[in-house]
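Hi,

Here is the structure I promised to pass on.

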Amino acid sequence: MRSSRFSNVAEAREMARRRLPRVVFDYIDGAADDEHTMHANLAAFDDVVFRPSMGMGNGRPDLRTSVLGISLDLPVICAPCGFVSIMHPDGAMAVARAAAAAGTVSVLSTVAGTPPEDVAHVAPGRMWFQLYAPPPIRENAEKLVTRVEGLGIGVLVVTVDTAELGNRERDRRNGVTLPLALRGASSLSLAAQILARPGWTARAISHMLATGKGGPAIPKMVASPFTWEDIGWLRGLWSGKLLVKGILTREDAIRAIGNGADGVVVSNHAGRQLEGAPASLHALVEVVDRVGRETEVLMDGGVCRGTHVLKALAVGAKAVMIGRPYLWGLAASGEPGVARILEVLGSEMLRDLILLGCPGVSLLDRSYIARREMPGL
Ligand SMILES: Cc1cc2nc3c(=O)[nH]c(=O)nc-3n(C[C@H](O)[C@H](O)[C@H](O)COP(=O)(O)O)c2cc1C
């Protein structure tokens with residue numbers, strides 16, 4: 001099997017597991033505390049069942065949608081993720097190119113490992129920027145926003161769920177501390193893990209030789225304690241669209257909009273921050289019910305099948321973001337791997353829409369879903 005020919009997200013994850021040093025795999029795969037919120041994200045999709053309409057034919061359904069006035073060929077966006085260059089040396093470049101080629105967008109994290117100046121030109125109009133700013137927040141945020149503004153990036157995504165870093169115990173066990181570094185005896189175990197993954201190591205070394213760069217750029221990841229006043233201040237500074245990411249309640253959705261956000265991303269950061277936070281799909285219901293008529297609501301967390309995308313859209317999300325799924329694709333085979341993940345989700349959605357009897361994603365609504373229960377019992 002060619003490395004990018006995995007046929008679903010689970011296979012891509014397995015391929016990534018075999019290719020990455022354990023410390024890198026665990027950094028992607030892990031979450032906070034006992035990882036219950038992470039698992040709840042996925043399990044929540046089983047709380048919803050479809051109500052299909054038969055007799056609708058099998059014409060090719062329409063996957064197109066628009067988010068904040070930007071047309072997307074499929075309602076799946078690559079979420080901002082840190083340190084992508086340790087997963088594959090092409091890192092953020094590969095993600096930006098693959099997302100743009102699929103007719104969607106990717107969001108470059110402040111801590112992706114590649115500066116926005118280097119990436120923006122490979123995906124004109126199809127890359128957004130996600131902002132973290134450690135204290136002094138406004139000083140750091142202003143520097144970044146000014147840099148990004150001249151690059152043709154139309155959407156700023158401000159992540160508000162990282163006032164403190166989550167308790168990622170797998171990382172701690174592996175000796176990873178944030179700001180990203182490896183400590184003490186773990187460097188021996190790291191050496192063993194790297195030797196066990198010669199493909200990953202060879203790619204990293206050949207990239208270093210080709211670019212003259214000394215290994216992946218590891219940015220500093222520190223807490224980013226934005227207040228609502230900071231969001232309002234950013235609104236005044238940023239002339240493009242503003243999305244607030246990390247919303248889990250109707251109250252915070254209202255605060256985000258009140259401070260000038262053009263939309264919100266319902267997200268619990270893949271369960272990597274507050275353990276015990278609700279599954280994203282559950283939180284989506286209350287946020288859409290409260291602000292869905294006045295603003296655009298996106299969601300992420302646990303999406304790894306076409307049916308998951310359809311369920312989130314039927315609840316009321318305009319589009320979803322994926323994190324780990326495209327990171328698995330990236331780790332498995334770079335840009336073709338990210339492209340393959342988007343292709344797999346797209347083709348699953350096409351089949352699922354036909355089976356659901358719905359001609360296009362923009363027509364999905366709650367009439368196509370129900371809470372799982374046993375009717376009549
Ligand atoms: C390895 C990794 C790194 C992440 N880094 C960031 C980041 O830098 N900024 C951010 O806003 N969210 C970050 N996230 C969260 C994602 O943007 C997204 O909310 C989440 O991955 C979606 O859940 P999923 O992985 O189940 O698809 C990260 C997630 C992962 C798995």
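Predicted model: local features only at pLDDT ≥ 70, side-chain atom pairs only at ≥ 80, totals over all residues.

Residues are numbered from 1 along each chain as its sequence is written, and side-chain values use heavy atoms, with hydrogens and water left out.

**The ligand**

There are 24 residues around the ligand, and Pro80, Ser109, Thr159, Asp300 and Gly302 come nearest (near means that a heavy atom of the residue lies within 4 Å). By class, that shell has 11 nonpolar, nine polar and four charged residues (nonpolar is Ala, Val, Leu, Ile, Met, Phe, Trp, Tyr, Cys and Pro; charged is Asp, Glu, Lys and Arg; the others, Gly among them, are polar). Helix 14 (324-356) and helix 2 (22-29) each supply at least two shell residues, with helix 14 giving the most, three (helices are DSSP runs of H or I with at least four residues, strands are runs of E with at least two, and both are numbered from the N terminus).

For N or O pairs, the side chain of Ser109 has such an atom 2.7 Å from a ligand oxygen. A backbone N or O atom of Arg324 is 2.9 Å from a ligand oxygen, and one of Gly82 is 2.9 Å from a ligand nitrogen. The ligand on its own exposes 610 Å², and the protein buries 97% of that (Shrake-Rupley areas with a 1.4 Å probe).

**The pocket**

The ligand takes up the space of the largest pocket (more than half of its atoms lie within 2 Å of the grid points). A pocket here is an open set of points on a 1 Å grid over the protein atoms alone, with protein on both sides within 12 Å along at least five of seven lines; a cavity is a set where a 1.4 Å probe fits but cannot get out, and lining residues have an atom within 4 Å of a point. The pocket's volume is about 870 Å³ (the space filled by probe spheres set on points joined across faces, edges and corners). Of its 43 lining residues, Ile28, Ala270, Gly323, Arg324 and Pro325 are closest to the centre.

**The cavity**

The largest cavity has a volume of about 80 Å³. Its lining has 12 nonpolar, two polar and no charged residues, and strand 5 (106-109) provides the largest share, four residues.

Cheers

Key:
Polar contact = N/O pair within 3.5 Å; in protein donor to acceptor, adjacent residues only side chain to side chain.
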